[in-house]
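Thanks for sending this one over. Here are my notes, point by point, to read with the model open beside you.

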Amino acid sequence: MRGRLVGLLTLAACFDGAGAAGWPCENDAQCGPRHRCEQNFCGGPPGTTADATGTSMGPDTMTTPSTGVDPSTSTAETTADASSSGTDTGDVPLCPPPPDVSRCSGAASPALREATWTEYADPGLGNVTAIVAAELTGEGNIDLAVLSFSPFELRVLRNTGNWSWEVLDTFTDLDMPYDVIATDLDCDGEIEFIVTGAGGTVVIPWNGDSFGGEQPLATQQGNFSLAAGDLVVDDEGYPDLVLASNTAVQLVPNVGGMLDANRIDAYQADFSEPWDMLVLGAGADARVLVVESDDEAIMLPSQRVAILQVSSGAMPEIGVAEPAVLAGNFQNPWAIAAGDFSGTGEVRIAVAERNLTGPGEVSDVYGQLRFFGGPPDYEETLGGGVSVGAAPGALATADLDCDGVHDVVVGYGGASGVDEGGVNIVFGTDPIDVGNEPLLVDFLGTSDGVGVGTRMAVGDFDGDGRPEIAVPDFGAMGTAGARVVFVDLEEP
Ligand SMILES: [Ca+2]
Ligand SMILES: [Ca+2]
Ligand SMILES: [Ca+2]
Ligand SMILES: [Ca+2]
């Protein structure tokens, strides 16, 4: 993959989607997998094609020809998109927001405090690092995509009901992948996966039962995490991409459903292992929060969670917001999430920090979960925070007990050789900032611990209206977890 990726660095490397319809072209490769170049326009001259998204991307709205699709990996076909309405309304498209899977749709059961878990084990999963959940098969059950670090693979697991899972497809052409997200970049109703890591960034389309050919993005390599959101002000609302490395946070604008590598803007700063990012809000209000994990520096509570925003204008730029940090007194902040943890309807931000006591050490101290308010003040709302397991590495938000208040799930890796990792559930309380210590449930114990990876997934996997958490079991040093562990709550 690497050779092909390097060869594409000078190209636009846009992700292609249905939005290419109507763009000027000279050959099929410029139009991506969904369209042929006909009469010098992708899919034919404007007015003759129905764009799947309803977008009319005429030449006058285009600033960058699509030249980045790798013809050797694209599935160059002129297939009609299944979600196409067959008409071109000319309306400015807005991707429908994904359903809020963190909330309960079933009956409220505030007495749920008993944790239970089940697992999907497969030796082929190796070191599972990240999981995303989405309806990927059109059958109604929420499915999974599971990213492994060793081997370097992305698997889609079809939810066949009753907590059983079937491997639908495995994508093997990855290079040291750290993180994955699933989003519909072109609003055509089909998911695209975006994987980033030490070896670069690729977009991998999903067509309902198998992966399409990957499309490398000409971003900087060495990214630790990524996120998507409507970050570019005054555009059509397609999800833009942010990627975080040791030296920069890169913005990849999504122009008409295509990630445009020609418009990448990077905020250069020393982030030192930014293992997680959070996008809050949309458009002019959007903020990107980036954790500076830094486990190599002198151990002082002086690491920051940076707050970035994207400027308006023809060439969007990413830079610091006001205020520029959530706080500057963290000790190895590793994961970040947002939710209504107080039950007031206002956004709260949760940050898990590792509290390392020496550079490069394996965690031997408990982590800390700290809570902050949202913009514009970002005030810390629970002084001292909550103690959680050693080496917290992932956070997820879900109302697991169906009391109407978001809860925080903390996945931790554990102190290698001393203890194993697991999951803490910190139940949201109403309000969280009056000194009520949130309930801490450490239910996986020490006998069969989980070395949690970097991204957990939320979904109602059993269809009972209540969300569960899918936890990646990376394993510990020298061992592979090779499991996805599902955390559920039950009536006491
Ligand atoms: Ca499904
Ligand atoms: Ca799509
Ligand atoms: Ca709750
Ligand atoms: Ca459920």
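1. Strands β22 and β23 (residues 348–353) run antiparallel and are joined by six bridges. Strands here are DSSP runs of E with at least two residues, helices are runs of H or I with at least four residues, and both are numbered from the N terminus. Within this pair, A337 has A350 in β23 as its bridge partner.

2. A word on conventions before going on. This is a predicted model, in which local features need pLDDT of at least 70 and side-chain atom pairs count only at pLDDT 80 or more, while totals for chains, interfaces and linings use all residues. Residues are numbered from 1 along each chain as its sequence is written, and chains are lettered from A and ligands numbered from 1 in the order in which they are written.

3. The β22–β23 pair belongs to an open sheet of four strands, ordered β22-β23-β24-β25 with antiparallel pairing; two strands count as paired if DSSP finds at least two bridges between them. At the edges sit β22 (333–339) and β25 (386–390), each pairing on one side only. From one strand to the next, the twist averages 25 degrees, taken between axes fitted to C-alpha atoms, with angles from 0 to 180 degrees between N-to-C directions.

4. Another open sheet of four strands has the order β8-β9-β10-β11, also with antiparallel pairing. Its edge strands are β8 (177–183) and β11 (215–217), which each pair on one side only. Inside it, β9 (residues 192–197) and β10 (residues 200–205) run antiparallel and share six bridges, and V195 has V202 in β10 as its bridge partner.

5. The C-alpha atoms of V203 and F193 are 5.7 Å apart, although 10 residues separate the two along the chain.

6. Now the core: the largest nonpolar one has 125 residues, and V242, V290, I336, L395 and V409 have the most contacts inside it. Such a core is a set of buried Ala, Val, Leu, Ile, Met, Phe, Trp, Tyr and Cys residues joined through C-beta atoms within 7 Å. Strand β4 (residues 127–134) gives the most to this core, with six residues.

7. Finally, the whole chain: one helix and 32 strands, with buried residues making up 53% of its 492 residues.

Note on methods
A residue is buried if 20 or more other C-beta atoms lie within 10 Å of its own, exposed if 12 or fewer, and partly exposed in between; C-beta atoms are placed from the backbone.
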